[in-house]
Amino acid sequence: MTTPTETVNTEPTLNPGDEAAPGTPGAAEDICDACSGKGKLGDGSACPECGGTGRVMRGIGGG
């Protein structure tokens, strides 16, 4: 029996501002509050909350 040398990660990469993974029921893409959807902060660096995309996943469903 051989051991695989690579591990394939099928989990989506989440940014700190994400509340849920893409495709999660009751969640949707929204504009990042930290950078106002620009993907960059005032100093020109990539926004750490959205990973520079300007978008985060938020919970939209009710209980």
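**Figure 1. Surface and make-up of the protein chain in a predicted model.** The protein chain exposes about 4800 Å², and carbon and sulfur atoms supply 50% of this area. Of its 63 residues, 21% are buried. The chain has 2 strands and 0 helices. Among contacts between residues at least 6 apart in sequence, 56% join residues at least 24 apart.

Figure 2. Asp 18 sits in the segment before β1 (27-31). The Asp 18 side chain does reach the backbone nitrogen of Asn 15, at 2.8 Å. A polar atom of that side chain also lies 2.9 Å from the backbone nitrogen of Met 57. Leaving aside residues up to four places away in sequence, Asp 18 touches Thr 13, Glu 49, Arg 55, Val 56 and Met 57.

**Figure 3. Salt bridge between Arg 58 and Glu 19.** The closest N and O atoms of the pair are 3.8 Å apart. Arg 58 lies in strand β2 (residues 55-59) and Glu 19 in the segment before β1, so the pair ties together parts 39 residues apart in sequence. Arg 58 is buried, at 17% relative accessible area, whereas Glu 19 is exposed, at 54%.

**Figure 4. Salt bridges of Arg 58 with Asp 30 and Asp 33.** The N to O distance is 3.3 Å for Asp 30. Arg 58 is in strand β2 and Asp 30 in strand β1, so this pair ties together parts 28 residues apart in sequence. For Asp 33, the closest N and O atoms are 3.1 Å from each other. Asp 33 belongs to the loop between β1 and β2, 25 residues from Arg 58. Shared partners join Glu 19, Asp 30, Asp 33 and Arg 58 into one network of salt bridges.

Notes
Residues are numbered from 1 along each chain as its sequence is written. This is a predicted model: local features need pLDDT of at least 70, side-chain atom pairs count only at pLDDT 80 or more; totals for chains, interfaces and linings use all residues. Side-chain values use heavy atoms; hydrogens and water are left out. Helices (H or I, at least four residues) and strands (E, at least two) are DSSP runs, numbered from the N terminus. Buried means under 20% relative accessible area, exposed over 50%, partly exposed in between (1.4 Å probe, protein chains only). Contact means heavy atoms within 4.5 Å. Accessible areas come from the Shrake-Rupley method with a 1.4 Å probe; for residues, only the protein chains shown count as cover. A polar contact is a pair of N or O atoms within 3.5 Å; within protein, one must be able to donate a hydrogen and the other to accept it, and residues adjacent in sequence count only if both atoms are side-chain atoms. A salt bridge is a side-chain nitrogen of Lys or Arg within 4 Å of a carboxyl oxygen of Asp or Glu.
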